[in-house]
Amino acid sequence: LLYTAQFIARKNHTFIIESLPEIVKAIPNVKLVLVGNGILLDEMKSLSSRLGVNRNVVFMGGRSDVEKFCQMADVYVSASFFEGLCISNLEAMACGLPLVLSDVRGQNDVCVDGRNGYLFRIGDKRKFVDSVISLCKDEGLRKQMSSTNLDDVKAFSLENSLNAMAKIYNQIFKGIGL
């Protein structure tokens, strides 16, 4: 499992780490790789120790080679309370990772539940855990969602983004008579 995010309250690492003991029961050798720095990093290290999952959690600190971690992971997770268009989700998609994301603006713009990953409501530990376990145990499902993400991420390419912005500007200019 991979989550790349600053260790700040909004990113909700607590939820993922608190869910991990249940995932470990089903998949004892699971690893959660957390990439990022922030004010809550030490607190999350302590939490993983208190919950007895510290051997399943790898804290990587801030990195500039996130794509390497995406290529090693099986599933990308995020429990963020809110997002814009989250670049880390797009990076994960571009590397073919299935997503398990909180169902919030920005994340539900890139993830369609059951198509390229799973969405869960904030605090819905059961849906999060079941989604992660399902993807970890079902290689065929992972491959299917991986292929879908490799296609879906193209919608967010620079070319497509520039074309979309050009259409918006053209509509504005037409509306003001330019």
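The largest nonpolar core holds 51 residues, and L2, L20, L32, V77 and F128 have the most contacts inside it. Helix α1 gives the largest share of this core, six residues. A nonpolar core is a set of buried Ala, Val, Leu, Ile, Met, Phe, Trp, Tyr and Cys residues joined through side-chain atoms within 4.5 Å. The model is predicted: local features need pLDDT of at least 70, side-chain atom pairs count only at pLDDT 80 or more, and totals for chains, interfaces and linings use all residues. Residues are numbered from 1 along each chain as its sequence is written, and side-chain values use heavy atoms, with hydrogens and water left out.

Contact means heavy atoms within 4.5 Å. Beyond its neighbours within four places in sequence, L2 is in contact with V33, V35, F69, C70, A73, V75, Y76, V77 and L97.

Strands β2 (residues 32-35) and β3 (residues 57-61) run parallel and are joined by four bridges; two strands pair if DSSP finds at least two bridges between them. V33 has V58 in β3 as its bridge partner. Together, β2, α2 and β3 make a right-handed β-α-β unit. Helices (H or I, at least four residues) and strands (E, at least two) are DSSP runs, numbered from the N terminus.

S19 counts as buried because its relative accessibility is 1%, where buried means under 20% relative accessible area (1.4 Å probe, protein chains only). The contacts below leave out residues up to four places away in sequence.

Methods
Buried means under 20% relative accessible area, exposed over 50%, partly exposed in between (1.4 Å probe, protein chains only). A crossover is right-handed if, with the strands pointing away from the viewer, the path from the first strand over the helix to the second runs clockwise.
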